[in-house]
Amino acid sequence: MSLNKKLLLFAHIDEPGLGGIDVYKRAYDGYKAVERVIGGKVAPNDIIDLVKASGLRGRGGAGFSTGMKWSFVPKDSPKPRYLVVNADESEPGTFKDRELMAKNPHQMIEGVILASYAIKAHAAYIYLRGEFAWMVPILENAIAQAKAAGYLGANILGTGYDLECHLHLGAGAYICGEETALLNSLEGQRGTPRLKPPFPAVEGLYACPTVVNNVETLCAVPPIVLNGADWYKQWGTEKSAGTKLFSVSGPVKKPGNYEVPLGLPLRALLEEYAGGLKDGYTLKAIIPGGSSVPALLPSQLDTALDYESVAAAGSMVGSGGCVFVDDQVCMVDLALNVTKFYRHESCGKCTPCREGTHWMENILTQIEHGEGTLSQIDELYGICDMILGKSFCALGDAAAMPVMSYIKLFRDEFEFHVREKRCQINRRKAELAPFREAAAAASQV
Amino acid sequence: MGLNATKVGLDLIRLGHELSFTPEDKARVQQILARYPADRRASAIMPVLWLAQERFEFLSEEAIELTARSIDVPLPEVAAVASFYTMYHLEPVGKYVLQVCCTLSCSIMGAERVFAHMEQKLGIKAGETTPDGKFTLKKVECLASCGSAPMLQINERKFDENLDEAAVDRLLDGLK
């Protein structure tokens with residue numbers, strides 16, 4: 001398979017000065033889609049139909065049809081409509097939106113304008129995770145440039161269409177990546193999820209029709225609108241159209257974000273794009289779609305990276321945060337690391353997630369410290385099973401799924417911990433040993 | 001309200017100081033309010049808390065009260081938000097808040113070894129501040145920079161990636 005790394009979103013991502021509107025216009029045919037659609041007064045519904053036909057699916061993790069999502073906004077509602085950008089990228093292993101926004105903010109903004117026009121919104125909010133505060137000047141500058149050029153603000157391109165775009169900075173809460181928690185946060189409340197239905201398309205921000213889209217999803221909209229649905233479908237598979245960014249991390253030679261046609265074999269992502277594992281490292285597991293998805297085994301490297309094939313292999317494309325795990329990592333240790341994350345980030349609203357993640361961490365800590373029993377491995381799995389599908393939002397599933405898969409795939413490591421009261425192997429602990437010894441020696445003095 | 005007045009906050013009360021925003025800050029508050037529908041003032045809570053934290057270094061009880069007053073939103077609503085989000089500091093912090101990611105990919109790539117080195121070098125544990133008030137050391141969750149792990153951020157404004165002990169030494173020695 002030929003290796004074309006310059007596809008669509010990343011075609012000119014490293015172009016110097018891309019954050020400025022002139023370079024964006026030149027390198028990406030920037031704002032041509034806005035000129036054609038808004039300037040040409042194309043019917044908003046036609047844009048929704050086009051995006052639906054392109055097969056674009058939400059790139060934040062759920063993989064739901066973007067055009068369908070837009071079409072759920074009631075056509076006859078007298079209420080104002082809102083577009084909200086989910087720029088709260090926090091799924092461990094995922095760092096694609098960060099690069100897209102920091103290097104090419106205008107593509108997202110053009111996507112915001114097109115999406116807002118399609119759903120007839122006059123206000124858009126970019127919900128940016130608080131840890132990305134350093135990116136605020138980049139985005140504010142891009143918004144100001146788009147406004148000065150007449151693509152944003154009042155009376156866009158003289159057509160009478162108005163759209164204001166505002167930044168809203170989060171303050172450190174993974175749960176706000178969940179769209180209804182994000183909306184509560186944007187309304188000035190604690191970031192806890194809402195019961196669905198009503199879905200945001202009907203009652204979202206301020207109880208008005210709202211579409212929440214991920215950054216990467218919106219970035220794909222301008223080229224689709226400009227070049228058409230069939231053009232976009234030249235990449236990908238029948239059901240997983242187009243390209244997707246995968247964030248590759250772990251001990252690989254060339255970690256980073258790669259834009260690949262959906263359906264690319266996982267092996268190609270590892271070997272051809274990321275250069276394979278670093279010398280001396282052996283692959284043990286692959287977490288293909290961010291920390292919340294089940295792990296895959298090296299024997300599954302021929303799995304195609306599209307929504308259907310990864311699901312058939314027992315995992316999920318998710319956000320595309322692809323973490324390669326080597327054999328010097330203890331899976332009990334990794335399960336505890338991931339569980340601590342979800343326990344910390346559980347918002348506390350519902351019992352299965354709040355109490356379940358607490359007990360998961362409790363049991364995993366005991367097993368990790370050699371104080372666990374064999375029956376606790378089953379108990380841990382049972383607790384995960386009581387969270388899965390029974391918590392208020394997807395955070396509970398995200399906590400349960402990885403640990404269940406680690407137990408299923410690497411049960412021997414959990415049992416070894418119980419029997420031998422230590423890890424089979426653990427680079428992290430070996431590295432920490434000198435610090436422990438130094439601390440112990442200091443306390444003796 | 002559920003928050004304890006911090007030592008500094010208590011000192012301010014004793015001195016009879018009520019915190020206030022500068023005229024520039026007040027103009028900023030009005031700009032923030034203008035982003036949201038007029039009857040949705042609560043949406044300004046998070047951005048004005050950020051402004052207050054920037055101005056007063058941490059969110060004392062007085063800073064939270066000032067936030068509520070400046071946007072005319074009930075104090076309990078503001079306090080509920082301030083206590084939910086981890087990036088709002090409810091206690092005084094050092095000049096440099098070192099946020100070291102230790103989640104998943106960073107952990108696999110040696111973040112905790114780097115963190116242990118930082119604890120040793122600074123003589124403080126996770127969550128603590130050096131006695132001179134210069135550094136606060138925090139272990140944080142994923143900062144979306146997994147491809148350049150391990151990494152840390154300083155006050156959400158600057159980040160350093162592909163860390164090892166030598167890189168951390170250079171970084172800390174360079175912060176005045």
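Two strands are taken to pair if DSSP finds at least two bridges between them; helices (H or I, at least four residues) and strands (E, at least two) are DSSP runs, numbered from the N terminus. The structure is a predicted model, in which local features need pLDDT of at least 70 and side-chain atom pairs count only at pLDDT 80 or more, whereas totals for chains, interfaces and linings use all residues. Residues are numbered from 1 along each chain as its sequence is written, and chains are lettered from A and ligands numbered from 1 in the order in which they are written.

In chain A, strand β2 (residues 123–128) runs parallel to strand β4 (residues 161–169), the two being joined by six bridges. Within this pairing, A:Ala123 stands opposite A:Glu164 of β4(A). Strand β4(A) also pairs with β3 (residues 153–156) of chain A, here in the antiparallel sense and over two bridges, with A:Tyr161 as the bridge partner of A:Ile156. Four residues separate the strands of the β3(A)–β4(A) hairpin, and A:Leu157 takes a positive phi near 50° there. A:Val248 has A:Gly256 as its bridge partner in β7(A). Six residues lie between these strands, and A:Gly250 in this hairpin has a positive phi near 100°. A residue is called buried if 20 or more other C-beta atoms lie within 10 Å of its own, exposed if 12 or fewer, and partly exposed in between, with C-beta atoms placed from the backbone. By this criterion, five of the six residues of β7(A) are buried.

The overall composition of chain A comprises 18 helices and eleven strands. Along the principal axes, the C-alpha atoms of chain A fill a box of roughly 75 × 50 × 45 Å. Of its 445 residues, 55% count as buried. With contact defined as C-beta atoms, placed from the backbone, lying within 7 Å, 71% of the contacts in chain A with a separation of 6 or more are between residues 24 or more positions apart.

Helix α3 (residues 44–54) of chain A has as its buried residues A:Pro44, A:Ile47, A:Ile48, A:Leu50, A:Val51 and A:Ser54. Seen down the axis of α3(A), these buried residues fall within an arc of 160°, so they line one face of the helix; the arc is that of the directions from the helix axis to the C-beta atoms. Their packing partners in chain A are α2 (32–39), α4 (66–71), α6 (105–119), α9 (215–227) and α10 (229–232). A:Gly55, with a positive phi near 80°, follows α3(A). Elsewhere in chain A, A:Lys103 belongs to helix α5 (residues 96–103) and counts as partly exposed, with 16 C-beta neighbours inside 10 Å. Not counting residues up to four places away in sequence, A:Lys103 touches A:Ile13, A:Leu18 and A:Gly19.

In chain B, four strands form an open sheet of mixed pairing in the order β2-β1-β3-β4. Its edge strands, each pairing on one side only, are β2 (135–140) and β4 (158–160) of chain B. Strand β1 (residues 96–101) of chain B pairs with β2(B) in the parallel sense over six bridges, and B:Lys138 in β2(B) is the bridge partner of B:Gln99. Helix α7 (residues 111–122) of chain B packs on the sheet and touches β1 and β2 of chain B.

Cis peptide bonds join A:Pro197 to A:Pro198, with omega about 5°, and B:Ala149 to B:Pro150, with omega about -5°. A:Pro198 is placed in the loop between α8 (179–186) and β5 (210–214) of chain A. A:Tyr206 lies in the loop between α8 and β5 of chain A and has a positive phi near 50°.

Conventions. Two residues are in contact if their C-beta atoms, placed from the backbone, lie within 7 Å. Axes are lines fitted to C-alpha atoms, for helices over the stretch in contact, and angles run from 0 to 180 degrees between N-to-C directions.
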